[in-house]
Amino acid sequence: MRVSKWVAGSLMVVGMMMAAMSPRLAAESKNPADYPLRLHIFGRSQTSFYYSRMRSLDETQGDGRANLYENSEARGLDFNYQCSYKIRASFGYETYPARWKKQGKTLVVLLPVFGQSGKFFTCEFNADMKDFAYAQGRDGLRSEPVPEFKLWMQRHDYDPEHGKDVPVRANGELVTPRPPPPPQHPIEPPPPAPSGAPSPQ
């Protein structure tokens, strides 16, 4: 009877430990299918900390601004984080898979380990959600009403949450910024020969 109670008690403790660990295990999933949302990071600032003897990266801390794509619309968020790897801003229209750990407060993001193809890590972002979307303009980052940003998404068939990762024009052409034309330098005629100079043969 004592053995049975001991075994039952041990199983109970193991079960409680597994239940406590399950959110952590879920957060560490590297399967993009577990992350239905998409995050576009406009910019971030961060500080890296290293082991003093090994000079290997210990963790990074920082903050930044991003748009979160959820329910086919974008909302801005400010965030801070403490991660085991460096965070990179999105390149072009690139977005990162994400999911809520605590709705509206804590976001788990699946990020690539740069320089190690096919390797990913997760990081928790403390999110401060906005009632507008961020938009990148010629003068830098600005705010834009969510309905207006959503209308732009619809016009350009852009919805990274559902696999439409690059906006397109109405006629199907890609939306890409056009480089300015090269400056035109008019060819100036040579200066007139000074008076008294011999004429060319």
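Is R142 buried, exposed or partly exposed at 41% relative accessibility? R142 counts as partly exposed at that value. Its salt-bridge partner is E144, with the closest N and O atoms 3.1 Å apart. E144 counts as buried, at 13% relative accessibility. The model behind these values is predicted.

## Overall layout

The chain holds two helices and eight strands. From the N terminus on, the order is α-β-β-β-β-β-β-β-β-α. The chain has 201 residues, and 29% of them count as buried. Its accessible surface comes to about 14,200 Å². Carbon and sulfur atoms account for 56% of that surface. Take the contacts between residues at least 6 apart in sequence: 55% of them join residues at least 24 apart.

One pair illustrates such separation in sequence. Y35 sits in the loop between helix 1 (2-27) and strand 1. Y35 and V108 are 73 residues apart in sequence, yet their C-alpha atoms are 8.3 Å apart in space. Y35 counts as buried, with 0% relative accessibility.

## Nonpolar cores

The largest nonpolar core has 22 residues. L39, L77, L107 and F125 have the most contacts inside this core. Six strands each supply at least two of its residues: strand 1 (37-50), strand 2 (57-70), strand 3, strand 4 (96-102), strand 5 (106-112) and strand 6. Strand 6 gives the largest share, five residues. A second, separate core has seven residues, including Y69, A74, F149 and M153.

What does L107 touch, leaving aside its neighbours within four places in sequence? The list is L37, L39, L68, L77, A98, R99, W100, C123, E124 and F125. L39, L77 and F125 are on that list, and these three are also among the residues with the most contacts inside the largest core.

## The disulfide

The model has one disulfide. It joins C83 to C123, with an S to S distance of 1.5 Å. C83 lies in strand 3 (residues 73-83) and C123 in strand 6 (residues 120-129), so the bond ties together parts that are 40 residues apart in sequence. The torsion about the S-S bond is about -55°, so the disulfide is left-handed. Both ends are covered. C83 counts as buried at 5% relative accessibility. C123 counts as buried at 3%.

A search of the whole structure finds six salt bridges. Side chains of opposite charge can pair when their charged atoms come close.

| Salt bridge | N to O distance |
|---|---|
| K130 and D78 | 3.3 Å |
| K130 and D128 | 3.0 Å |
| R142 and E144 | 3.1 Å |

Where does K130 lie? K130 is in the loop between strand 6 and strand 7 (132-137). K130 has a relative accessible area of 18%, so this lysine counts as buried, the limit being under 20%.

D128 is partly exposed, with a relative accessible area of 41%. The side chains of K130 and D128 also make a polar contact, at 3.0 Å.

Which residues does K130 touch, leaving aside its neighbours within four places in sequence? They are R75, G76, L77 and D78. One of them, L77, is also among the residues with the most contacts inside the largest nonpolar core.

The bridges do not stand alone. Salt bridges that share partners join R65, D78, D128 and K130 into one network.

Key
Residues are numbered from 1 along each chain as its sequence is written. This is a predicted model: local features need pLDDT of at least 70, side-chain atom pairs count only at pLDDT 80 or more; totals for chains, interfaces and linings use all residues. Side-chain values use heavy atoms; hydrogens and water are left out. A disulfide is a pair of cysteine sulfur atoms within 2.5 Å. Helices (H or I, at least four residues) and strands (E, at least two) are DSSP runs, numbered from the N terminus. Buried means under 20% relative accessible area, exposed over 50%, partly exposed in between (1.4 Å probe, protein chains only). A nonpolar core is a set of buried Ala, Val, Leu, Ile, Met, Phe, Trp, Tyr and Cys residues joined through side-chain atoms within 4.5 Å. Contact means heavy atoms within 4.5 Å. A polar contact is a pair of N or O atoms within 3.5 Å; within protein, one must be able to donate a hydrogen and the other to accept it, and residues adjacent in sequence count only if both atoms are side-chain atoms. Accessible areas come from the Shrake-Rupley method with a 1.4 Å probe; for residues, only the protein chains shown count as cover. A salt bridge is a side-chain nitrogen of Lys or Arg within 4 Å of a carboxyl oxygen of Asp or Glu.
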